[in-house]
Each structure stands twice: as C-alpha cells, then as structure tokens.
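Student: I would like to work through this model by question and answer. Please show it first.

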Amino acid sequence: MVLRFVRTKVANDLIIRVGNSNFYLYKLPMVMRSGYLNRLVFQRISVGRDASPRIQLDNLPGGAKVSESVVKFCYGWTVDLTAANIALLHCAAHFLETSDDFEQG
C-alpha cells in the first residue's frame, strides 16, 4: 500500500483512496474545486456521518498517478501537462467535475 501526504498547517480531514493509494488531504481546497467531491463530502455531513470522510474512488481515470496531479490542481500548485498525461487528466477532471470556476461560486 502506498501512502501519500499533502502537508498543511491544518490537520488533514479528508482521506481519498484510489486503488491501493491513500491520500490524506485537507478538505477545503478539494471541495472548492471539485463538484463531485463537494457533493460526496457534504452529503455525508448532512446525513450525520463523520466530518472527516473517507472516500473510495475505484473508477477514477488514470488511478493514483493522475490523482496526484488532481490534488496539485486543487491545492493551486502547478500541474505539468504532457502528451502522455493530458487525456487522462482531462478525463479525471471531467469525472470529478473539476474547475477553476467552481471555487469562485
């Protein structure tokens, strides 16, 4: 099992599992850029489940490798686009309903 951490000054409050990889993340940047994750997280909170959800994404296009780039985008970091990853990143962004515009709304 591969563990991945994104370090922040605030405790990680979201765990996303993609394949065999766990991503320990801060919820706010993820839900601000992803409509899909926004719905999943806030549906769990509204039905009284724990406030630090664990989300399993078995069908995310590109798997864990693409997930790292998605996390970088959501955190506002630079994402390297190449001919080898552009199609999978586009599919993952579409799947997660990821957008710069979502954050502002």
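Student: Which pattern does the protein follow, read along the sequence?
Tutor: This is a predicted model, where local features need pLDDT of at least 70, side-chain atom pairs count only at pLDDT 80 or more, and totals for chains, interfaces and linings use all residues. Residues are numbered from 1 along each chain as its sequence is written, and side-chain values use heavy atoms, with hydrogens and water left out. Helices (DSSP H or I, at least four residues) and strands (E, at least two) are runs numbered from the N terminus. There are 5 helices and 4 strands, and the pattern is β-β-β-α-α-β-α-α-α.

Student: What percentage of the residues is buried?
Tutor: Buried means under 20% relative accessible area, exposed over 50%, and partly exposed in between, with a 1.4 Å probe and protein chains only. The protein has 105 residues, and the buried part is 34%.

Student: How much of the accessible surface belongs to carbon and sulfur atoms?
Tutor: Areas come from the Shrake-Rupley method with a 1.4 Å probe; for residues, only the protein chains shown count as cover. The accessible surface of the protein is about 6500 Å², and the carbon and sulfur part is 55%.

Student: What share of the contacts with a separation of 6 or more joins residues 24 or more positions apart?
Tutor: Contact means heavy atoms within 4.5 Å. Among contacts in the protein with a separation of 6 or more, residues 24 or more positions apart account for 55%.

Student: Which residues does Ile-16 contact, leaving aside neighbours within four places in sequence?
Tutor: Ile-16 is among the core residues that touch the most other members. Its contacts beyond those neighbours are Ser-21, Asn-22, Phe-23, Leu-25, Met-30, Leu-37, Ile-55 and Leu-57.

Student: How much space lies in the largest cavity?
Tutor: On a 1 Å grid over the protein atoms alone, a cavity is a set of points where a 1.4 Å probe fits but cannot get out; lining residues have an atom within 4 Å of a point. Points are joined across faces, edges and corners, and a volume is the space filled by probe spheres set on them. The count is 1 cavity of 30 Å³ or more. The space in the largest cavity is about 70 Å³.

Student: Which element gives the largest share of the lining of the largest cavity?
Tutor: The lining includes Ile-16, Phe-23, Val-70 and Leu-96. Elements that give two or more residues to this lining are β2, β3 and α3. The largest share, 3 residues, comes from α3.

Student: How far apart are the C-alpha atoms of Leu-96 and Val-70?
Tutor: Leu-96 is in helix α4, and Val-70 is in helix α3. Leu-96 is buried because its relative accessibility is 2%; Val-70 is buried too, at 9%. Val-70 touches Ala-92 and Leu-96, not counting residues up to four places away in sequence. Leu-96 and Val-70 are 26 residues apart along the chain, and their C-alpha atoms are separated by 9.1 Å.

Student: Which residue forms a salt bridge with Glu-97?
Tutor: A salt bridge is a side-chain nitrogen of Lys or Arg within 4 Å of a carboxyl oxygen of Asp or Glu. The structure holds 1. Its closest N and O atoms are 2.7 Å apart, and the partner of Glu-97 is Arg-39.

Student: How many residues apart are Glu-97 and Arg-39?
Tutor: Glu-97 is partly exposed because its relative accessibility is 36%; Arg-39 is partly exposed at 38%. Glu-97 lies in the loop between α4 (86–96) and α5 (100–104), and Arg-39 in helix α2 (residues 35–46). The pair links distant parts of the chain, and the separation is 58 residues.

Student: What is phi of Glu-97 near?
Tutor: Most residues other than glycine have a negative phi. Glu-97 has a positive value, near 55°.

Student: Is Thr-98 buried or exposed?
Tutor: Thr-98 is in the loop between α4 and α5. Not counting residues up to four places away in sequence, Thr-98 touches Arg-33, Ser-34, Phe-73 and Ala-93. Its relative accessible area is 18%, so Thr-98 counts as buried.

Technical notes: Core = buried A, V, L, I, M, F, W, Y, C linked by side-chain atoms within 4.5 Å. 1 Å grid on protein atoms, 1.4 Å probe; cavity = no way out; pocket = protein on both sides within 12 Å on 5 of 7 lines; lining within 4 Å.
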